[in-house]
Amino acid sequence: MDAEALPAGVESLRATLRGFLDNDLLPAERREGVLDEAQATAALKSWARSRSAELGIYRLAQPVDLGGGGLGPLGRVALHEEIARSQCVLHDCVLGGDGGL
């Protein structure tokens, strides 16, 4: 395995997140003219959380004992990097918190 490569499971999650951000969330933010989270409607925020949950990434970064997926530090960093790359406004609606990262 390449020392720079992410484990396959983490890379798969990252690809899923990238697809959601690029194909769903960013276009929705642009369509609604959202430049700041405070501008987003409750419906848009709810949709972002629901869609993220459908894809298996919402609450993934939270500890298992808090009902989350227990994703480790490497996975959390990879997903946060992907969110930062996208510059999406509703980033807090995507992972649903991460238990302190």
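Reader: I'm looking at Gln62. Which backbone oxygen does the side chain of Gln62 reach?

Author: That of Gly96: the side chain of Gln62 comes to 2.7 Å from this backbone oxygen. Keep in mind that this is a predicted model.

Reader: With which side chain does the side chain of Gln62 make a polar contact?

Author: With the side chain of Arg59, at 2.8 Å. To find Gln62, go to the loop between helix H2 (42–54) and helix H3 (73–86).

Reader: How do I read its accessibility: is Gln62 buried or exposed?

Author: The general idea is a cut-off, with buried meaning under 20% relative accessible area. Gln62 has 14%, so Gln62 is buried.

Reader: And Ala61, buried or exposed?

Author: Ala61 has a relative accessible area of 2%, so Ala61 is buried as well. Ala61 also sits in the loop between H2 and H3. Here is something to look for in space: Ala61 and Leu71 are 10 residues apart in sequence, yet their C-alpha atoms are 4.9 Å apart.

Reader: Let's move to Ser52. Where is Ser52, and is Ser52 buried or exposed?

Author: Ser52 is in helix H2. Its relative accessibility is 0%, so Ser52 counts as buried.

Reader: What is Ser52 in contact with, leaving aside its neighbours within four places in sequence?

Author: Ser52 touches Phe20, Ile57, Tyr58, Cys93 and Val94. Take a second look at Val94: its backbone oxygen is 2.4 Å from a polar atom of the Ser52 side chain.

Reader: Now the helices. How do I read the angle at which the axes of H1 and H3 cross?

Author: As a general idea, angles under 35 degrees count as roughly parallel. Here, the axes of helix H1 (residues 8–31) and H3 cross at roughly 25° and come within 10 Å. H1 and H3 are therefore roughly parallel to each other.

Reader: Is the crossing left-handed or right-handed where H1 passes H3?

Author: Right-handed.

Reader: Which residues in H1 and H3 meet?

Author: On the H1 side, look for Val10, Leu13, Arg14, Leu17, Arg18, Leu21, Asp22 and Leu26. They meet Gly75, Ala78, Leu79, Glu81, Glu82, Ile83, Arg85 and Ser86 in H3.

Reader: How many residues of the contact of H1 with H3 are nonpolar, polar and charged?

Author: Eight are nonpolar, two are polar and six are charged. Among the charged ones you can pick out Arg14 and Asp22 in H1, and Glu81 and Arg85 in H3.

Technical notes:
Residues numbered from 1 in each chain as written. Predicted model: local features only at pLDDT ≥ 70, side-chain atom pairs only at ≥ 80, totals over all residues. Heavy atoms only, no water. Helix = DSSP H or I, 4+ residues; strand = E, 2+ residues; numbered from the N terminus. Buried < 20%, exposed > 50% of the residue type's maximum accessible area, 1.4 Å probe, protein only. Polar contact = N/O pair within 3.5 Å; in protein donor to acceptor, adjacent residues only side chain to side chain. Axes fitted to C-alpha atoms, helices over the stretch in contact; angles between N-to-C directions. Parallel < 35°, antiparallel > 145°, perpendicular 65-115°, else oblique. Left-handed = near helix turned anticlockwise from the far one by under 90°. Contact = heavy atoms within 4.5 Å.
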